[in-house]
Amino acid sequence: MKTTGYAAQSPRDALARFDFERRPLRADDVAMEVLYCGVCHSDLHQARNDWGFSQYPIVPGHEIVGRVIAVGEAVQRYAIGDHVAVGCMVDSCRDCDQCRKGLEQLCRKGNVQTYNGRDRFTCEPTFGGYSKHLVVSEAFTLRVPDGLDLSKAAPLLCAGITTYSPLRTWGVGPGSRVGVIGLGGLGHMAVKLAAAMGADVTVMSRTPEKEADARALGADRLLVSSDPEAMAKAADSFDVIIDTVPVRHDINPYLPLLDVDGTLVIVGQLGPLDEPSTLPLLLGRRRIAGSPIGGIAETQEMLNFCAKTGVLPDVEMIRIDEINQAFERLERADVRYRFVIDMASLPAPQGTAA
Ligand SMILES: [Zn+2]
Ligand SMILES: [Zn+2]
């Protein structure tokens with residue numbers, strides 16, 4: 001299938017139009033027209049090879065909402081016209097203990113990333129959602145529930161599940177005391193989701209300036225982490241802290257805030273942190289954990305939860321030809337809180353019907 005998208009041809013190149021082919025449908029494949037694609041911080045990192053494993057050309061995008069335009073002969077769950085979604089992975093071995101438990105994100109053989117991955121059968125590079133069409137196995141395709149605003153749902157597929165999964169894993173529910181560090185794409189979803197689960201939510205920020213924003217998103221309060229008195233008063237008062245900061249930082253000020261058996265979950269930074277002291281860990285039986293996205297079943301559960309509770313990201317809609325400016329603004333954290341690309345702004349390739 002002929003299609004088109006936006007790709008970076010090298011770490012130094014801006015994203016530009018790139019025509020390519022999607023694979024012919026396998027028996028279990030769903031073909032979709034991409035309607036919306038969220039812009040994740042990792043898109044920027046991978047386009048610029050910040051993590052050192054990018055292959056070029058690279059077509060980013062793993063927060064994808066679309067409409068089914070064709071299905072393979074063995075597809076059972078989806079029909080032409082259905083609204084569907086795809087997140088950060090498009091395949092896994094489907095056979096290991098983790099895959100069998102529905103934890104495909106933890107597949108022993110590694111899951112296949114939606115872009116900058118390799119197809120498990122052909123070893124061809126995977127291209128993401130900054131494109132007109134996508135072909136994905138139905139096993140890695142999610143259903144967008146009726147009632148979920150299609151134009152806002154895309155960021156749920158990465159930012160949403162990345163914060164929903166640890167909240168569920170560590171048992172957050174009514175009355176849980178949840179802290180959120182960082183109020184970007186991930187952080188703002190953590191606040192909304194934790195509040196919708198009935199938790200008491202505190203945003204932690206270096207300055208008091210974000211208090212009104214935090215409350216508008218559903219937080220109960222803002223804790224100013226540069227205020228030693230306020231931090232001392234907040235000791236032992238959290239069950240879970242979701243740390244969404246996407247760069248190297250110091251977690252030591254936050255560890256004493258956890259109650260006994262409390263957990264600080266890192267979902268933002270991929271790489272080193274400033275050296276943590278084990279003192280608060282041992283003395284309070286506290287934990288530092290990490291968590292990557294979520295499995296397919298849990299991602300569907302999250303979409304259904306958001307449809308039921310009305311949780312949606314705050315998005316800023318852009319055209320595909322604004323993507324390079326959007327990357328620059330993302331670098332300055334100048335977005336509230338997620339860019340979404342309206343894929344109608346990307347013309348279909350010559351000789352195809354969109
Ligand atoms: Zn992402
Ligand atoms: Zn597996």
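Predicted model: local features only at pLDDT ≥ 70, side-chain atom pairs only at ≥ 80, totals over all residues.

Let me start with the largest nonpolar core, which has 98 residues, and in which Ala85, Ala194 and Ile341 touch the most other members. A nonpolar core here is a set of buried Ala, Val, Leu, Ile, Met, Phe, Trp, Tyr and Cys residues joined through C-beta atoms within 7 Å. A residue is called buried if 20 or more other C-beta atoms lie within 10 Å of its own, exposed if 12 or fewer, and partly exposed in between, with C-beta atoms placed from the backbone. Strand E3 (residues 29-39) gives the most to this core, namely eight residues. Helices (H or I, at least four residues) and strands (E, at least two) are DSSP runs, numbered from the N terminus. Both domain 1 (2-158 + 295-345) and domain 2 (160-290) supply at least three residues to the core.

Residues are numbered from 1 along each chain as its sequence is written, with chains lettered from A and ligands numbered from 1 in the order in which they are written.

Which residues does Ile341 contact, leaving aside its neighbours within four places in sequence? They are Tyr36, Cys37, Val39, Tyr130, Ile318, Ile320 and Ile323. Contact means that the C-beta atoms of two residues, placed from the backbone, lie within 7 Å.

I turn now to the two domains, whose bounds come from an automatic or database domain assignment. The C-alpha centres of domain 1 and domain 2 are 27 Å apart. Their contact takes 18 residues from domain 1 and 14 residues from domain 2. On the domain 1 side, helix H9 provides the largest share, five residues. By class, that side has eleven nonpolar, four polar and three charged residues; Ala, Val, Leu, Ile, Met, Phe, Trp, Tyr, Cys and Pro count as nonpolar, Asp, Glu, Lys and Arg as charged, and the others, Gly among them, as polar.

Next is helix H4 (residues 159-169). Nine of its eleven residues are buried, so H4 is largely enclosed by the rest of the structure. The cover over these buried residues includes H5, E13, strand E14 (258-266), helix H9 (296-309) and strand E17 (338-342). Just after H4, Gly171 takes a positive phi of about 70 degrees.

Strand E10 (residues 177-181) has five of its five residues buried. Arg177, Gly179 and Ile181 point one way from E10, and Val178 and Val180 the other way. E10 runs parallel to strand E11 (residues 200-205), to which five bridges join it; strands are said to pair if DSSP finds at least two bridges between them. Val180 has Val203 of E11 as its bridge partner. Between E10 and E11 the chain passes through helix H5 (residues 185-196), in a right-handed β-α-β crossover. Right-handed means that, with the strands pointing away from the viewer, the path from the first strand over the helix to the second runs clockwise. E10 also pairs in the parallel sense with strand E13 (residues 238-243), over four bridges, and there Val178 is partnered by Val240.

Finally, Ser237 sits in the loop between helix H7 (228-233) and E13. Is Ser237 buried or partly exposed? It counts as partly exposed, because it has 16 C-beta neighbours inside 10 Å. Beyond its neighbours within four places in sequence, Ser237 is in contact with Arg177, Leu257 and Asp259.
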